[in-house]
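Here is a short report on a structure. Please look it over before reading the notes.

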Amino acid sequence: MKEITIILFERLGLLLIIAFVLTRFPGFKSLLYREFNLKMLLVHSGVFGLFGIAGTMAGIVMDGETISHFEFVVKAVEKHQLVVSLSLVAIVIAGLLGGPIVGMGAGIVSGIHLLMLGGVGWIANGLVNPLTGLLAGLTARFFSQERVIPPLKALFIGIFPPVLHMHLLLIFHPDTIEIVNKIGLPLVLSNSLAIAIFTAMITIVLKEQENEAALATRRALTIAEEALPFLKKDHPKEMAHGLCNLLMNRLKLAAVSVTNKQEVLAHKGMGEDHHQPGQPVYQMLAYEAIETKEMKIAAARSQIECQHKSCQFEAAIIIPITEANDVMLLITFYFKKAHHIRPVELVLAQGLGQLLSNQLNVLSAESLKLHIRDAELRNLQAQINPHFLFNTLHLIATLFREDPKKARHITVQLAHYMRFNLKLVSNPLVPLEKECDHVNAYMEIIQARFSNRLKIIFHHPEMIPDVNIPPSTIQPLVENCIQHGLRNIASDGKIEVIIQQRDSLLQAIVRDNGIGFPEDILKEVTKKPLTNHQNSGIGLYNVNQRLISLLGEEAKLHVRNLPEGGSEISFQIPFKVQA
Amino acid sequence: MKIHAMIAEDEPMARKELMYLLTQEDDVELCPNAETGEQLLQLYSEYDPDVIFLDIHMPGISGIEAAKHLMDQAVHFPPLIIFTSAYDEYAIQAFDMEAVDYLLKPFDEIRFQKAMKRLRNRLLQQERKLMEPYYSNFKSSGPAKFLIDDGERTAVLSPEMIYYAVPHKRMLEVHTKDRVILSRITLQELEKKLYGYPFFRTHRSYLVNLNYIKEITPWFNGTSNITLKDMEGIQIPVSRTARKMLFKMFEQNG
């Protein structure tokens, strides 16, 4: 009995080695994730069936109460001999992992093999396998929440199949009682232990896999985060270069390229000599990726379709990056050998593709929001203050009689002013010169109306710098002086408008000698619309919002009261905005 | 009868426009222009015009505020006002103040003529109101003694003792033949106490006993001064409207 036990353990050791190899197969994964289809059911039944047959072959043959031979069981045995199979290990595992169908399938396969071997107890041998598979499969249902049954539970479950086997032997072949006595306990011990070890093995494999996936996910997340500043770049080539450098630094790739739908934007790594920016995108796979918006894998040179003879790439992953459901970019990872693409790389590429797409979407939504807001504000600004319009018309009506020449001049100024305001709606930026003309037209009209009350002085360089600025940003500041600072000033009002260039900055300053801002309003006037002040109550807020949203925080309005009385509003624009 | 018109407008050209339009009218006489709300208040009490062409947006006191102020101060008739504005956002407020009209800039000449017509109608209505007896029947006699405070003391007065009353530094000077009572009572309160007796507001701040009027001398721009019996040295101002009413009253009685 001791002898038999040792032999059985040795043989099971061999089986476990085979099992270990089995866990290294890629298809094995699908069993762990319980994703089945008919094809996989058949394949798994077959594989575990074969595993079971191997178990049988690793078994021993008993002749009466003695072991007849130690060789592997390959041929049919004689009538009085009993095959002691180790196939149950495989069948139980098949059932536990694959469910009743796989269990029974594997059981039938190995059962038929046992039937063919014949010998004493052939009925019991043939029956026990499918039955065990079915029962193990049904048992597995109790553990459906756990992906892998814990080894201790498996040990416990593993006790029953050999017991069942012994039952069957005694039922169909009562004369085997002596043999059962001898092999019963060793079989139970060895089988259950083997099953427990096998499940432990699976647990380890699974952890390994999860660790790898987690690592890939974390890397994808980190890279996506690092890519954010590049994605924000307006210029596609800048963005592509940044992305390429980042991906080359972070991943082990032969090369990486970023293309849009038509051409290569940037390429880093090997093959820079012939994979150059500006080249058209021609691979079939790239078009498929654009069409289906799904990741594509090139596993051969022919799929990369590089015309260059010395091109060393043999494999590639093409990742589409989408924005608003349309492919904006393709990122291609190049590999020197097809087997360099491991599942981890695929998981990472897939994850990265999705993350970057998401970020691109978020960014575009953000910038869209900004643009809509800007358009709204411009629209608001474009609404001509009716008081201004009708008072000017009233002025012109009077001038027709008093001073026809001036009437003509003011009419033209009003036309300038209104034409600019109409264009305001469609242009986010205008040349500074146009803005100055606008201020001028406004000034002339205001001066003609309030010649007694105020003077406006406009200082600007003879050559107005060639800079683009958000339209109607200076005129509202002047208007604010008239509506607020000089509101109650009946004479000697003064407004100074200064435009000057300081190093790489353009400064616009508007000053008046009016009453200044009340302390409580001073801080808030640019930050929220002051609705209790009619007409231009929202003027400063509006200008400030547009400056910030188009040119950034550094372009915001500065408002202060002057020590000598009056107030000053200014802003500055960096020259680089010219582009 | 000439219509005395005053323009309140902060834009020089807009003033010119109104001046031009008004000088085209034969029956209009222009008072000096006001350029701000404050100036209007000052010039109004000085010239007492029949009508004000009032711009709403002016530095300092706005047209609406100035108009409210004038309404509150009015003694006999509130001033007639034609608002002028570039936009109609104040039309409802103007309507509430019973403005004669609300002219939108630039002025439509036909619309301007209509406003002038309305103005003349309103002035006619005022004239007609003047024809109605001011105090239908003054109480001729009666005991009618009443008390008013005189600083620490309390004075007992009968209406015929009072010559005139005028506010002075938050107090009211009540002038009798031989002394002046300084009372905390307001002019309005006194006027109420004297209701039914022949007292008359010749001016925003003067309540005068009609029985003691000695003579009325013309001052300038349609205003006058009154001299009272026993008080030859004192001249009491009479606004133009009050002067008209005064004459009507004496005509009816006599």
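The notes below cover the model, a helix pair, the chain contact and the annotated spans.

## Model and numbering

This is a predicted model: local features need pLDDT of at least 70, side-chain atom pairs count only at pLDDT 80 or more, and totals for chains, interfaces and linings use all residues. Residues are numbered from 1 along each chain as its sequence is written, while chains are lettered from A and ligands numbered from 1 in the order in which they are written.

## Helices H6 and H7 of chain A

H6(A) spans residues 151–172 and H7(A) spans residues 177–231. Helices are DSSP runs (H or I, at least four residues), and strands are E runs of at least two. The two axes lie 7 Å apart, at an angle of about 155°. Therefore H6(A) is roughly antiparallel to H7(A) (angle over 145 degrees).

The contact (C-beta atoms, placed from the backbone, within 7 Å) includes Pro161(A) and Pro162(A) of H6(A) and Gly184(A) and Asn191(A) of H7(A). Its residues divide into 19 nonpolar, five polar and no charged. Asp, Glu, Lys and Arg count as charged; Ala, Val, Leu, Ile, Met, Phe, Trp, Tyr, Cys and Pro as nonpolar; the others, Gly among them, as polar.

## Chain A with chain B

Chain B gives 17 residues to the contact and chain A gives 21. The chain B side has eight nonpolar, three polar and six charged residues.

## Annotated spans

An unreviewed UniProt entry lists "transmembrane region" for several spans of chain A, among them 82–102 and 114–140. Residues 82–102 of chain A are 76% helix and 14% strand, with end C-alpha atoms 27 Å apart. Residues 114–140 of chain A are 85% helix and 0% strand, with end C-alpha atoms 25 Å apart.

Technical notes: Axes are lines fitted to C-alpha atoms, for helices over the stretch in contact, and angles run from 0 to 180 degrees between N-to-C directions. Angles under 35 degrees count as roughly parallel, over 145 as roughly antiparallel, 65 to 115 as roughly perpendicular and the rest as oblique. Two residues are in contact if their C-beta atoms, placed from the backbone, lie within 7 Å. UniProt positions are given in the numbering used here, feature names are shortened, and annotations may be inferred rather than shown by experiment.
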